[in-house]
Amino acid sequence: MWYYVDPYLLPLFGLTGVRGLDGLIGTFLLALFVVVIGEFTISLVFRANRKHLDKLNSNLKKYSDLSQEALRRGDETSYKALNKQANDAYGHVFFNKFGLSAAALWPIFFALDWMQPHFAESGISIPFYPSGAHYVVVFLICYILARIVFGRLKRHLPYFKGQYEMLRSYDQEGRPPGDGKR
Amino acid sequence: MKQTGSFRKWSLILLVVSAFAWAGANSLWAQTPPAAPAQPPAPAEQKPAEAKPKLVGSDLGLPAKLGVEIAKAPEGKGKGQIDTTAPRGVFGVPGAPQPSSILIFLWAVWVGWVFSTVGAFGGIMAGVGHMTVYGLGDYVRTFRDTAPGLNKTLTDSIRTSNQFLVGLSSIVSVVNYLKSKRMSWPLGLALGAGSIVGAYLAASLTGGKVSFSQYQGWFGVFVLVVGFVLIYELTPKGQAGKKAAKAASQAFEKTVKEKADIESAGVTLKSFSITKSTMTFFGTDFSFNPIAAFFGGVVIAAISAFIGVGGGFLYVPYLTSIVGLPMFVVAGTSALAVLISMITSITTYINVAGAGMDWALVGTQLVGVFIGSMVGPRTAKYIPEKWLKLLFIVLALYVGIGYFSRGFFGRSWVPM
């Protein structure tokens with residue numbers, strides 16, 4: 001399956017000709033590619049599910065506000081019932097976020113599947129470890145670095161900029177953009 | 001407050017790094033040398049009357065211990081033999097089952113659906129997928145007598161694949177709970193340290209030593225236990241037990257709704273000693289013994305690593321009933337312990353026990369899991385919760401009895 005991909009990916013592991021650097025640069029670029037694919041998938045899934053996610057967040061806010069009102073009026077029975085509803089709504093929001101995050105992680109395993117036949121035996125030469133480090137460890141370290149780099153870059157990138165703003169508003173407010181103030 | 005946040009971050013980093021380190025940093029970094037071709041038996045050992053089957057004699061390019069055990073397996077087209085000319089299947093083994101990507105994907109959608117509706121039972125369904133639906137169990141079992149080492153190594157690969165799917169959800173959970181400050185750090189650190197020890201011991205002591213039948217039998221026992229827990233939860237006594245935890249959760253909800261300072265509303269450490277740690281959560285003190293938490297982590301992580309599951313099903317009752325914490329904090333703390341034990345056992349299985357991984361299999365399953373977890377919350381609302389629990393009780397008893405009998409007695413007591 002990876003036969004057709006090799007001509008595109010293998011050159012990434014020989015950009016400088018310096019043993020020790022090539023492996024690291026190649027793995028980092030592959031990890032960056034994986035991060036971009038993951039973020040792109042998130043954006044698609046998010047767009048497809050936005051209406052549903054908005055509804056879940058609105059439900060959460062609605063039940064939270066209602067239970068607060070019940071508390072103010074001293075109606076303990078209603079408060080408990082509404083609180084349970086808000087708790088359930090939180091569960092739904094949480095699992096949707098789990099789905100979104102899984103959308104970002106799946107390309108990692110296809111990248112490791114490509115790396116396995118190429119680097120499982122020889123390892124990847126990196127600075128201070130020229131004899132070859134385990135490909136999974138090198139990839140995971142590069143993946144974390146790539147996520148940090150992309151996290152800083154995406155707010156300036158045309159497609160991902162809008163996505164970044166939208167997700168940030170969800171993270172900060174736990175509700176759809178424009179649906180009330182903090 | 002910022003210092004506390006920094007301490008928490010560094011504590012988490014320290015725990016994760018410790019998990020890697022404990023799991024055998026040297027073996028993790030260093031490359032396993034290519035498997036040496038299997039040596040033909042010494043002439044003196046050969047019995048002239050018996051025709052020894054020809055061995056594969058090469059690792060066939062497969063990594064680590066998997067390659068070593070493949071080289072020792074008999075070559076041929078029969079059961080319990082490696083057909084070196086056959087197309088490569090799961091884990092890159094020639095002649096191994098090649099479940100179609102559609103089947104893998106669809107089963108993973110179901111697993112994701114279960115994760116998002118019933119929770120822990122998703123892990124059981126992931127195991128059923130590997131062992132039964134994809135046909136790996138029947139294939140691995142054929143090597144029981146012909147190549148016991150390969151049988152055990154492939155069993156480790158199945159255990160590790162199970163853990164990947166279950167553990168990935170804990171990564172996401174930990175991040176979410178960290179953001180919402182639903183984490184008890186002193187308890188998380190004590191449990192996490194115990195988890196590292198337990199998961200490492202279980203994976204290193206049992207890796208390469210458990211046959212598939214034994215594993216299937218124990219998995220069956222685990223599924224039966226989960227089934228009985230589900231039955232208990234439906235009883236009036238089980239329902240009443242949840243009320244105490246709900247009370248503290250409501251206190252949290254109340255404070256959030258009154259727009260109190262959420263930053264100060266999380267769990268705060270009041271005092272800490274090696275035998276007693278006290279934390280405050282919404283004005284109520286909770287005390288626990290860090291040593292007891294450590295050994296709790298050791299036992300739970302060891303069981304989880306052996307079975308190849310996350311362990312949340314054990315951490316949660318442990319934290320609520322023994323430590324007495326409210327569910328709002330338990331969810332996050334148990335997710336952290338699951339993550340630590342998962343990292344430890346997976347790295348140990350791969351590096352110390354030499355389990356091979358089929359990354360594409362995990363990747364395809366993950367795509368299915370995220371689609372299933374999207375579909376789950378939307379569709380589950382059409383099925384009453386009680387019906388859903390009854391369905392999973394029936395499934396748990398069926399799978400549990402089937403695996404238990406097949407694993408320990410050689411034949412299934414229910415059609416499988």
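**Which residues does B:Val111 touch, not counting residues up to four places away in sequence?** B:Val111 touches B:Gly122, B:Met125, B:Ala126, B:Gly129, B:Leu165, B:Gly368, B:Val369 and B:Gly372. Two residues are in contact if their C-beta atoms, placed from the backbone, lie within 7 Å. This is a predicted model, in which local features need pLDDT of at least 70, side-chain atom pairs count only at pLDDT 80 or more, and totals for chains, interfaces and linings use all residues. Residues are numbered from 1 along each chain as its sequence is written, while chains are lettered from A and ligands numbered from 1 in the order in which they are written.

**View 1. The largest nonpolar core.** This core has 131 residues. A nonpolar core is a set of buried Ala, Val, Leu, Ile, Met, Phe, Trp, Tyr and Cys residues joined through C-beta atoms within 7 Å. Buried means that 20 or more other C-beta atoms lie within 10 Å of the residue's own; exposed means 12 or fewer, and partly exposed lies in between. The residues with the most contacts inside the core are A:Phe139, B:Ile70, B:Val111, B:Leu366 and B:Phe370. Helix H3 (residues 76-119) of chain A gives the most to this core, with 12 residues. Helices (H or I, at least four residues) and strands (E, at least two) are DSSP runs, numbered from the N terminus. At least three core residues come from each of domain 1 (30-97) and domain 2 (99-409) of chain B.

**View 2. The two domains of chain B.** Domain 1 covers 30-97 and domain 2 covers 99-409. These bounds come from an automatic or database domain assignment. Their contact takes 18 residues from domain 1 of chain B and 21 residues from domain 2 of chain B. On the domain 1 side, the touching residues divide into 11 nonpolar, 3 polar and 4 charged. Here Ala, Val, Leu, Ile, Met, Phe, Trp, Tyr, Cys and Pro count as nonpolar, Asp, Glu, Lys and Arg as charged, and the others, Gly among them, as polar. Chain B as a whole has 17 helices and 3 strands. Of its 416 residues, 52% count as buried.

**View 3. B:Phe91 in its loop.** B:Phe91 lies between helix H3 (64-72) and helix H4 (101-117) of chain B. Its phi is positive, near 60 degrees, in a residue other than glycine. Most residues other than glycine have a negative phi. B:Phe91 counts as buried because it has 23 C-beta neighbours inside 10 Å.

**View 4. Helix H17 of chain B.** This helix holds 25 residues, 385-409. At 1.5 Å a residue, taken over one less than the number of residues, it should span 36 Å; its end C-alpha atoms are 35 Å apart, which agrees. Its buried residues include B:Leu395, B:Val399, B:Tyr403 and B:Phe404. Helix H5 (121-133) and helix H10 (212-234) of chain B are among the elements that cover the buried residues. B:Gly410 follows the helix, with a positive phi near 85 degrees.

View 5. Chain A comes to 5 helices and 2 strands, in the order α-α-α-β-β-α-α from the N terminus on. Of its 182 residues, 36% count as buried. A:Tyr3 lies in the segment before helix H1 (6-9) of chain A. A:Tyr3 counts as exposed because it has 6 C-beta neighbours inside 10 Å. A:Tyr3 and A:Leu140 are 137 residues apart in sequence and 23 Å apart in space, C-alpha to C-alpha.
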